[in-house]
There are 2 protein chains.
Amino acid sequence: MTEDDRQTEEKIFDAASIVFQEKGMDGARMQDIANRAGINKALLHYYFRTKDLLFEAVFQKVAGRLFAKFAPVLSEGLTLEDKLRFFYREHITFMKENPRLPAFILNEINRHPERIKKITRHIDFIKLWETIEKQHKEELEKYNITIDIVPQVMVSIAALSVFPFAARGIIEGIFESLGVDFDKYIEDRKEFAADFIMGALKNRQSTNK
Amino acid sequence: MTEDDRQTEEKIFDAASIVFQEKGMDGARMQDIANRAGINKALLHYYFRTKDLLFEAVFQKVAGRLFAKFAPVLSEGLTLEDKLRFFYREHITFMKENPRLPAFILNEINRHPERIKKITRHIDFIKLWETIEKQHKEELEKYNITIDIVPQVMVSIAALSVFPFAARGIIEGIFESLGVDFDKYIEDRKEFAADFIMGALKNRQSTNK
DNA sequence: GTCTATAGAAGGATAGAC
DNA sequence: GTCTATCCTTCTATAGAC
């Protein structure tokens, strides 16, 4: 299938994905999207009516893809540690391929928190926790992970993989003066993050009362 | 000193700080800034010439303030652990008072990485590391922190405090359905983050060869 | 220094031909 | 479905009075 054969709506959507991720809702220009899609502005409106609707379509799609990466935590037959290692490998690889995505999502969500609700409102987080609790009863006890620290642990796990990409502009600048290569750093991070979290959890064993 | 006594330039600057942090460079409107400062648009241009220059002034100032919070790591006479605890208390308290700051800075920097260079280019990160190395030789050996994993550890430390604020829109949404209070969570995080990092580091002792 | 009024450009959206 | 031409609003920036 050549570039020209692709359906117009799809071409517009792909172009919009790139431009919105790069410039954000406010910075994006319909003209830029039209140019990148190889069509004219009027067609954008023909297919998506307004900039808002086009943005909403793009946002729901790409944010959904990012969140879907958290799904493996529900698969059976893996230890907590293996799930964690699997998650970091998958999630970091995905963000490496979509480097603008984390900052884009964080930013647009902070300005319009209602957008994320559309994606998360169908997820029953309490049931999700109960599933994990059932699957990993012994490990949770061993690491002393009680319900009250679950939010702290979950956010910490997400932070270690998302933050390097969200803060890439700063980190890369500092790395330059240290002679550190960002891509190599990210590759190493898949394992480091898993080790780091497991280290923190294992250490809770000794403080276990 | 009443609101009216304050110098005009300062009023404009403060108003611009708020509006830019809330809407970003592209979303901010000069009219909004003028209204909030209680003056008219023309005066904005009289004092700062263009929107770009006004933005640049605001950005350099607020980003500088955030980075300054990393300074305590250089103070003498504290153990690594005490510095870490001190840092999280200070940094999280600061972000609690400026909740829009992290996402604002991350976003604008990713779109214009050159902006951060203006702030960081005068910092000699290599010398900074040498100072820490000298101050904490034994602790670094004990935790097996060699130069090659310093970037991983530093980013992880920053991630645990910055990410909850940068991703607040998402986190707060999920917390709502779990019945978790964000402010309480953040208060707890000051200690949790320090414990978590120390746990991960202490666990490196056992894997020490 | 501060204001009102307005120029001038940019960008989202639509009308209408094909 | 796709295009060109254009409308209309919004926004930055400036001119000029006080």
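Visitor: Which side chain of chain A meets B:K117 in a salt bridge?

Guide: Happy to start there, with a reminder that this is a predicted model, where local features need pLDDT of at least 70, side-chain atom pairs count only at pLDDT 80 or more, and totals for chains, interfaces and linings use all residues. Residues are numbered from 1 along each chain as its sequence is written, chains are lettered from A in the order in which they are written, and side-chain values use heavy atoms, without hydrogens or water. A salt bridge asks for a side-chain nitrogen of Lys or Arg within 4 Å of a carboxyl oxygen of Asp or Glu. At 3.9 Å, N to O, the partner of B:K117 is A:E176.

Visitor: How many salt bridges are there between chain B and chain A?

Guide: The pair B:K117 and A:E176 belongs to this count. Between chain B and chain A, the count is two.

Visitor: Which helix gives the most to the side of chain B that touches chain A?

Guide: Helices here are DSSP runs of H or I with at least four residues, numbered from the N terminus. Among the elements giving two or more residues are helix 1 (8–27) and helix 12 (182–207) of chain B. With 13 residues, the top contributor is helix 10 of chain B.

Visitor: What area do chain B and chain A bury between them?

Guide: Buried area is the accessible area (1.4 Å probe) that two parts lose on being put together, summed over both. Carbon and sulfur atoms hold 70% of it. The total is about 4600 Å².
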